[in-house]
Amino acid sequence: MVHVYNCHPFASQQIVQVEQEPGLVCCGGGVLFVVAAGGCKVEAYSVERKGCPFICRFSTMGTVKSIQHSKIGDYLVTIEEKNSATYLRAYTNWRYQAEGKARVGVRLLGHLLRGVSVHGGVQMEIIEIPLSERPVAMACCSVTGDLLVGCENTLVLFALRRQNQQSLNQNQGQQIPQSTWPNSEQSSSQSQGQTLSSNQNCLDFERSVILHLQKLKPKKVALCGGYVAVHAELEVLVLKLDSSCEQNTLDESSDTKKIDDLEDQADFLVLQRHQELLGDRAKDCDIPVSIEKTGLEDSTGQYTLSYVLFRRFTPDFFQDCNVEETQLHSLQLYPLFTSNQSVSLEEPTCVFCFFSLPIAGYLYSLKGGVELLSAYQYPEKVLEAVLTDHLLHVITKNALQCFTVRCSAVAARIKDPYIDTTIKACPPCSMEVCALRMQLFIGLRSVCVYGRHVILLSIADTETPEEPERTTHRRGLSRKWTISSPKETSSAGNGWNLYVVDTVSPLTLYQEMVEYSQRYVETNPQAQSLRHLLSEAHLLLRASLLQTPEQQGNIEGNPAVSLQTDTDGPAEKHTAVQTDIQELEEALRQNCAQLGDCFSRGSQKDCHLALPYYRMSGLSVTDIIARNHPLPSSPHSYGPGFLFYLKHYLLEETEQILSQEAADEVIDIFSQSEPSQLVSVCASPPMINISPAQSLQVLKHLEATAGVSVPLTITMATMMLRLDDLPQYRQLMERHAEMLLVYGFIEEPRLLLHGGGGGQHTQIRSTALTRQLAKSQPGLLVAAMVALHENNKVQLEQAGHIFKELGCENCLQVDFWEAMLMASSQEAVIQELLFRLASVYIDRLTNTTSDTHPNEPHAPSRRRPLKSADDLMNSCSHYGALYPWLTVLNPAQTTSSQHQEALYKLQSLLCGPSLSVGSVVPLMERLSEESLWGFSLHLLCTTRTGQYDSSIEKLLDRCPQAIIAYANHQLQDKHMVLWWQKLLPELCNRTRAAADNSILLAALKETLVVVAMETSPTEFLELIPDDGTAFYFLPHLLTCSQHHLLA
């Protein structure tokens, strides 16, 4: 379906003053090229100046049958006929004919003219390009300047090269010029209208690849950035040609029998079925393509070929259509560059393929997946069509008409990954196209476009009317399919004109579309046509904003053409471009607001699009509320899209705080439309200025109608807190058990926390309820924070920020970490918490000495922790039971309770299975070993790290009364040998030096008892020292022998 809108895309038109009847026209580089009806003379006119003044005129070597201009290299290429022979020629440096220079050089492809700069300066050159077959069509690549020539059964690709004139003398014997592909610079060097020095780069071509086509006779070809398109009468084939170092040719399909069958069926009309193959499926078409090596692979590498698109049409003879009316035309490969690309970047953002039948046109997107974007249904027979960034221009016999295109919709999605999200939106690529108002002419024959200039050739037809002419064609099926060739231009015509029609600027056309849309706003604000028209206007603006800076400053992005003087300097041009961009951006914001209005009251299917469009409009939520007041017919009805926008706005973290008036209005909106969302609305950060009294009334009414719920009760308690009604606050909070309240906070975490929706590093703030809980119910606050963390509602660092904001980083935060250890199952989180808690305990032991009492002035008063050391040992597996030998080393009850709790918790962590001792060893250096409790901590670390020898020595030095308890607990299993390998020798040496030390003697006796039970008599004998004290060991030796005999 094609929508039709009465918007006029044309601003003005002027007639080009051409002396002779035009036969062919083409344009490019700001110039209109006109081939006289005789076909042997080309005239150039400037389309960028008022009145299209004449630039220059030059003769061709034959009758021109086809002409093309290349933007890159600024050259012309023609197919000419002379003496019944067909030639392909390229015309370079043609602009110098405007300076009155008559010198023209003629040469063959690859044979550069040496010494030109010495004998009179630069000149126009005609390059003869020899071909083995008759050329049928040609095309120039707008990205690289390469030339593609279609012959009867082959496609020949010529790469554009350039050669510096100064290097010609050094390369006299070389016929292949230096390759500079891709050529990003040659367009500027060739399109400047200045007399070039002897360093001028001369253009030349190099035949790089030949493609052989079977079963397809090219009628027209197209080339763009490696994509090759060709169409026959009813078939279109698009290929991708890549240069590669690896040899990889396309497999030829064995369809020779089919060709022979078709020759045998020459007496019959064979109709192929309609077929459309996209992407990888296109290789299944029955048109084999092979690559012929040109012998220049060393410089160009190997070419690989892949199928991109194939489409075959079947003529509908039963609709009284003759063969000519079912032939394809207007094949075009169109690249689209966007403003986010580098100036030197050769690769276009998008590449589109357009082709047309007389009754329908088809636009495909090729990059990033082949897709049919639009199918254009024409109201009458179309002769020719041209695709541009903004519009598709088509001509019939008597009218010029414009259709909208979807190129900007594709490019926007490639450029911006946030399109089609809740952040940004863009009308879909599949949206139906529309036709704009047509402009009537008489006898249109051809059309071409340069920027916003549409060039039309009209020739009044003096032949018989078209309907009698139809009788010469077949109306039904027959044994032969008679194909009529295109009609030659009539030389007996009684009139002709060459028009340059200027289209309006995209901003002007957008404004007209907006004015046109007002009739729908007044009659039916929810009409589909209103939404469609505003979407068309949106794409029009996007197409302009996507253009590169060169395109915005100069429509085609080319340097100024020759002999053209600019009245404005670069600074003025840049300022004008920036002003235009600002106007376009402002218009886009207005359009987004209008589209947001459409979707805000639209159907449930598309209501979600109101959110991104309103965001892109830049309007405040207050402005959007004002635009969405209920209609008088339904005063309590709000559109689903508007409610969707409001919910997302209130759910997301934003710095925009609503005034009390706006916040109260939001409460009224949701109380009427979606009362179930009131809790979330009241908890939203932008609603902080809400009237608590009014909100409390609305919440009480919700409770009476919907019933009691925990989040609702907490929300009502928050309102009571804001009203300073603490008794009512406590009464509401006591309605539910503490665990139910925790579940309520999980359901609506914003009752406790504001912010944090953007990730771990997002700023987070506490609420009034959080501050109140920290004072009155710290256990509930800690439990709620643990639950929020375990449900991914808050991060560890964010929770720490909250406790720091509350001034509880030394108490509640530590309680939170201890509670987290009991609840968390994530190993990374557990290790982080263990390290933090160990650091806190060490810090407390460092800042609180053993003789400090809590009531002394320099000792900070701290709240009693929620969990004692005993509680943690009993409830948390990461806290281990204290080793028995620690009871000997721990101080008496003379220490403060805070110091003792910190010591026991740290010792418990070191005795537990989870703490990585190596991570806290550097922190332990802060603790002195002078006190027994400090020594106990260091001893725990050396023991946990397996340094039993040094631990035994240290313990015997500092506290020998604990050595047996230590050995009984630590020296077991594989460490049992340390009893007689380390402990026994140490005790023997120390008792020998201090024979009256009863503690050492008692330890030695206990050690000998264990050694006698664990060793054999022989081993025990070897342990007895030879210092004359063997009698002391004899009783233990006897015990060892008896135990050994009994065993």
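Tutor: Helices (DSSP runs of H or I, at least four residues) and strands (runs of E, at least two) are numbered from the N terminus. Residues are numbered from 1 along each chain as its sequence is written, and side-chain values use heavy atoms, with hydrogens and water left out.

Student: Which helix holds Pro 985?

Tutor: Pro 985 is in helix H31, residues 978-993. This is a predicted model: local features need pLDDT of at least 70, side-chain atom pairs count only at pLDDT 80 or more, and totals for chains, interfaces and linings use all residues.

Student: Why is Pro 985 called partly exposed?

Tutor: Because its relative accessible area is 32%. Buried means under 20%, exposed over 50%, and partly exposed in between, with a 1.4 Å probe and protein chains only. Pro 985 and Ile 1024 are 39 residues apart along the chain, with 9.4 Å between their C-alpha atoms.

Student: What is the average pLDDT of the protein chain?

Tutor: The average is 83, and 81% of the residues score at least 70. pLDDT is the predictor's confidence in each residue, from 0 to 100. Residues 464-494 have pLDDT below 50, and that stretch makes 51 contacts (heavy atoms within 4.5 Å) in the model beyond near neighbours in sequence. Residues 850-861 are also below 50, with 14 such contacts.

Student: New topic. How many residues are in the largest nonpolar core?

Tutor: There are 186, and Leu 456 and Phe 816 have the most contacts inside this core. A nonpolar core is a set of buried Ala, Val, Leu, Ile, Met, Phe, Trp, Tyr and Cys residues joined through side-chain atoms within 4.5 Å.

Student: Which helix gives the largest share of this core?

Tutor: Helix H23, residues 827-847, with ten residues. Apart from this core lies another, of 51 residues, including Tyr 227 and Val 289.

Student: And what does Leu 456 touch?

Tutor: Leaving out residues up to four places away in sequence, Leu 456 touches, among others, Ile 395, Phe 441, Asn 497 and Tyr 499.

Student: Where is Ser 659, then?

Tutor: Ser 659 sits in the loop between helix H12 (640-651) and helix H13 (660-673). It counts as partly exposed because its relative accessibility is 41%. Ile 690 is 31 residues from Ser 659 in sequence, and their C-alpha atoms are 7.8 Å apart.

Student: Last one. Which helix is Leu 740 in?

Tutor: Helix H18, residues 738-747. Leu 740 has 40% relative accessibility, so it counts as partly exposed.
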